[in-house]
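Please look through the sequence and the model that follow, with the place where the chains meet in view.

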Amino acid sequence: MTQDPRVDQFISSFQALRAEVEKVIVGHRDIIDHVLIGMFAGGHVLLEGVPGLGKTLLIKTLAEGLELSFARVQFTPDLMPADIIGTNIIVEDADGRKHFQFQPGPIFAHILLADEINRATPKTQSALLEGMQEGGVTVGGVSRPLPAPFFVLATQNPIEMEGTYPLPEAQLDRFLFKLRVRYPAIEELNAIIDRTTQLRAVQVDRVMTGPAVLGFRELVREVPIATHVRDLASAIVMATHPQWAQAPDVTRRFVRYGASPRGAQALVLGAKVKALSEGRYNVSVDDIRQLAAPALRHRVILNFEGEAEGIDVDTLVDQIVERAAAITTQGKEQFVR
Amino acid sequence: MRVPHPDALDRLVREITTQVRWRRAEHYGLRGAFWGAVAAVAPLLFRSVLGPWALPLGVILPATGAVAGALMGLLKRVSPADAARIADRAFGLDERLSTALEWADRGDRTPLVDSLVADATARVEGVQRRQVVRRIFPREARMLPVPVVLAVVLALAPPVPLPRASLPDFSSSAQREEARERGDGAMLEDRARPLTKDKQQRPVFEERDWAQKGATGAAATAGDLSAVFKDTSLANQRPDFNSFLKKGDERLKMLEQTDRLPDLQSDFTSSQYKMVFRKSKELKSGLRDTISPQKLKELLEEMDRLGRKNPGGWGQDVAEGMEALEGGQTDRAMDAMRKALDKMRAQDEAQRGGKNLRGGREADRRSGREGGRGEGGPEDQDFGEGEGMMPGKGKSGSPKGEASQRLRANPYDVGVEGESRRGRKDGFDTNMTGRAGKMSSRLSYMGIIGQYKKAMEDAISREQIPRDFHGQIRDYFQALDEK
């Protein structure tokens, strides 16, 4: 039991929502946690994985656990921005007068599932930019706010690259986390088989409302962070830049562009949510370390050599984190010097 | 509003700070002790100069260094934030302590900070206190035994004698003599004393020394051996090492070019025939066909040895000669020796033949020998050692020797297919031997013709052959080519 009742409520809600999702999704605890962290941090999450791993099911289950509107868009090459945002259509009223009326697209939902987002053209992908960042869209010169909370969960397939349009860096940067969904372990696979091949209906309960989510988002921002922990986050982000004077050698060699300040924001906000979810009132160094890969792996753009060498961005980020930790603690760990 | 720090947090921070100070005191104390010990070596080294002060200094300096280092470590400032970080890491507080200490005093603290401080306090109170600051030995600590041991050794050992600072004496013996006469050189007194004669000293040094002294023109003193040479040209002559070196260089150059020196032995030692022939001539001692049986036996034994070593067909002749010698038939032994010598010469010439060409006439000669024709004849012309057609060496009565045979001089020389006679080949000759129709060449016809045509062209360009004959000569070789 902690001191602040809001924190207790957050922890219980977080755990309840995770439990609802885990009714359907077997394993992938870290993926579920990171999706929830992204949602409470106020960001959007991109899930990458081969087909059949339950990415779409996870998001649908999460939406079912929340008392929020949910929309799903299957991205295809012929999908147009208006198909997502909406458009003005001519309607005729009772008096027979015709006028334009805005027909909102699926983006006007609390939770938007952008399935296989890399199959749409960049033009359509970019239709999400304004909504993801500003929380509103502009159609016909009229700006329309999106419902709050607004949460985009996108999926993409990393192997079927033919006929796909990789997300541009500007679009990728809008996602708080990029999560890699990996194959389940054999025990998890057995549980998936048992759960999905038997006659047993799973009922997902709604455990959280929209206002509660918004309240938790504000609570997250109250979590204090020590200076040296914040410095570590900044150092990690700076260490992804090859131009930085103290950048590690791997960055100089393999990285073309480093993470933007959004990366540092994602890192700290995610760490705050993680701390709260674990019942802590402060951000620890380990929170930053554990969230570095989800927050930065899609923000670090490899150069030609990095691509040619097949450098794994997660490994690269791990090395960057170690280097950044050494930089921030330099001269402070060896107190007897 | 300032929230007072709970005592538990401050207490933990103070404890960590104290631990850090002591660790620093150890660290810097060891460093100070090392440098103090290094400094203590100096007074112990100069103990003969410092006298009774050396030993106390040798003890005081390391102790002072250690105390000074420890004091510096104790007095260095320890940041509470750094101490809190150590505690966070050591006790698994997940940055609760450092964050609480930092945010408790901030004006923009959130309501969660109060909860954080309370949470941190509760966790700190439950922490099992222990030493969390690890000891870090400085680099100097590993090397500390070196100056300490050195200082102890120097302290226990007798004082190290110090070298006296004085310049060497460059004055001459005459000047020293004058100085000694003046009696003003206590320092020079020892040097001016005549050296005791050292039997081990090399005399050459003495002579050189005295010769140089003589060259200075100083007057000869008693016991100075340079006086021996004072009336000779050597007295004022210094060794000319430059000329010696130059000569030495020339000799060295000659020695380095030994491959260019004539090998006077190789000519005879390389040829078995010549060696035996020379030996037989020596044994004859200028007398015609007279040789002692003993010498003849030795010669035959040597030829037998060479025959076994390098079979050439003269073994049977040598055996006959030995048998005849045992029977007392010296003449027969001499004949056998000559036959063996001829065979040895034949083998030697065969080995020396450059292209080792074998042709019809050689075969004819061999077959003729086998047929009992005996040696000699015009086809046995030879310019080698011994008999031949050279003036004075052949069997011909003509003082100029017999004329060499020319092409087409006899029907056997017509149409020779690229065969040259055996024997010494100082150059290309046109003495074609043998008959082409009887035996086949071991070399290709076209290849030999090509060589001869090249030699022909060289000869035309080299020799003074009338221009009218050039075409005729070329036509001849052209005819050979077409054949």
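Predicted model: local features only at pLDDT ≥ 70, side-chain atom pairs only at ≥ 80, totals over all residues.

How many residue pairs are in polar contact between chain A and chain B? The count is 6 residue pairs, with both residues at pLDDT 80 or more, where a polar contact is a pair of N or O atoms within 3.5 Å; within protein, one atom must be able to donate a hydrogen and the other to accept it, and residues adjacent in sequence count only if both atoms are side-chain atoms. On the chain A side, helix H1 (5–24), helix H10 (227–239) and helix H13 (285–296) each supply at least two residues that touch chain B, helices (H or I, at least four residues) and strands (E, at least two) being DSSP runs numbered from the N terminus. H10(A) gives the most to this side of chain A, with 3 residues.

Residues are numbered from 1 along each chain as its sequence is written, chains are lettered from A and ligands numbered from 1 in the order in which they are written, and side-chain values use heavy atoms, with hydrogens and water left out.

The meeting of the two chains takes 28 residues from chain A and 27 residues from chain B, contact meaning heavy atoms within 4.5 Å. The size of an interface is often given as the accessible area lost when the parts come together. Between chain A and chain B the buried area is about 2400 Å², of which carbon and sulfur atoms give 59%; buried area is the accessible area (1.4 Å probe) that two parts lose on being put together, summed over both.

The count of salt bridges between chain A and chain B is 1, a salt bridge being a side-chain nitrogen of Lys or Arg within 4 Å of a carboxyl oxygen of Asp or Glu. The side chains of Asp94(B) and Arg280(A) meet in a salt bridge, at 4.0 Å from N to O. Asp94(B) lies in the loop between helix H4 (80–91) and helix H5 (96–104) of chain B, and has a positive phi of about 55° although it is not a glycine. Asp94(B) counts as partly exposed because its relative accessibility is 27%, with buried meaning under 20% relative accessible area, exposed over 50%, and partly exposed in between (1.4 Å probe, protein chains only). Glu95(B), found in the loop between H4 and H5 of chain B, has a positive phi of about 65° although it is not a glycine; at 11% relative accessibility, Glu95(B) counts as buried.

Turning to chain A as a whole, there are 15 helices and 13 strands, and buried residues make up 55% of its 337 residues. Among contacts in chain A between residues at least 6 apart in sequence, 75% join residues at least 24 apart. Val45(A), in strand S1 (residues 44–48), is buried, at 0% relative accessibility, and the residues that Val45(A) touches, not counting those up to four places away in sequence, include Phe151(A), Leu153(A), Phe175(A) and Phe177(A). The C-alpha atoms of Val45(A) and Pro294(A), 249 residues apart along the chain, are separated by 9.5 Å. Ser13(A), found in helix H1 of chain A, counts as buried at 12% relative accessibility, and touches Met208(A) and Phe216(A), leaving aside residues up to four places away in sequence. The backbone of chain A also has a cis peptide bond from Ala148(A) to Pro149(A), with omega near -5°, and Pro149(A) lies in the loop between strand S8 (142–145) and strand S9 (151–156).

Chain B, in turn, has 20 helices and 0 strands, and 32% of its 483 residues count as buried. Ile449(B), in helix H19 (residues 445–462), is buried, with a relative accessible area of 5%. The C-alpha atoms of Ile449(B) and Leu480(B), 31 residues apart along the chain, are separated by 7.3 Å.
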